[in-house]
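Subject: Structure for your review

Dear colleague,

I am handing over the structure below, together with some notes on what was found in it. Please read the notes with the coordinates open beside them.

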Amino acid sequence: MAFAAINGTVLHYEYLTESKSNPVLVLVNSLGTDFRIWLPLIDELAEDWSILVYDKRGHGLSDLGTVPYSIEDHARDLIGLLKHVGVKKAAFCGLSVGGLIVQSLYKLKPELVEKLILCDTAAKVGTQESWNTRIATVQEKGLEAIADGVMKVWFTPDFHAKRKADLSGYRTMLVRQSVEGYVATCIALREADYTEDAPKIEVPTLVVVGDQDGSTPPDLVKATADLIPDAEFEIIKGSGHIPCVEQPGQLAELLADFINEE
Ligand SMILES: O=C(O)CC1=CCC(=O)O1
């Protein structure tokens, strides 16, 4: 567990595995989650990769910072964190809003990026209307008011039926996030559109999506993959929006095959 002041905001980060001889893989999590969502995935990647995770501002144990934010603010935080830990180049896997953050990071500092994995994300996520409705509900009634609906897009009906304790735990993770940080990141999502930037991505890119993702469905994610030159596209079976929790074995295998490719 480590903390660093980056761009005036204290960020919580951790190397889940660290070996000086291994290349670095940075995992960037989604809206309403903290970096613990990546833990089920780690064992299968630990041998070959130094894995760096962090809580974006307004989430987990990171400070709120000045609200509202843009996706570029989140990306500049990640760039600052990489400088702080001395990482000059890495592979990046971004989940949902994390995928937008790594698209922004690539636009700002492509020299930091060896490979990109875009997981359950797109060049544009949601609409003005959908984000405005969510922002108004959360501001008025808090995260409890949206939690059951969000769980339906995060996880499949099978997960709801068979993993009730896990479902309860991840729901608690969501409702314990800062309302201000959550809303500020919804505003960042509402304003973000990387459609014109996706065709300019020149590093090897893997795009993956859960087959039952209710937030960024396979068709939407595939449309972004189609914009990126030579991007690989894979569907994870039996997963909603958060495959690192629901199908960590499948995601780890796809990641390992892709990042270990020469
Ligand atoms: O929580 C959701 O509705 C799913 C989601 C959208 C953007 C993100 O990061 O997660």
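A polar contact here is a pair of N or O atoms within 3.5 Å. In this predicted model, a polar side-chain atom of His 241 lies 3.3 Å from an oxygen atom of the ligand, while a polar side-chain atom of Ser 96 is found 2.8 Å from a ligand oxygen and a polar backbone atom of Val 97 is 2.9 Å from an oxygen atom of the ligand. Taken alone, the ligand exposes 290 Å², and the protein buries 99% of that.

Helix α3 covers residues 128-141 and reaches 20 Å from its first C-alpha to its last, close to the 20 Å expected at 1.5 Å a residue. Within α3, Trp 131, Ile 135 and Val 138 are buried; seen down the helix axis, the buried residues of α3 fall within an arc of 70 degrees, so they line one face of the helix. These buried residues pack against α4 (144-154) and α7 (179-191), whereas the face of α3 turned away from its buried side carries the exposed residues Glu 129, Glu 140 and Lys 141. Just after α3, Gly 142 takes a positive phi of about 90 degrees.

Methods: Residues numbered from 1 in each chain as written. Predicted model: local features only at pLDDT ≥ 70, side-chain atom pairs only at ≥ 80, totals over all residues. Heavy atoms only, no water. Helix = DSSP H or I, 4+ residues; strand = E, 2+ residues; numbered from the N terminus. Expected span 1.5 Å × (residues − 1). Buried < 20%, exposed > 50% of the residue type's maximum accessible area, 1.4 Å probe, protein only. Arc of directions from axis to C-beta. Contact = heavy atoms within 4.5 Å. Polar contact = N/O pair within 3.5 Å; in protein donor to acceptor, adjacent residues only side chain to side chain. Areas by Shrake-Rupley, 256 points an atom, 1.4 Å probe, with all protein chains shown as cover.
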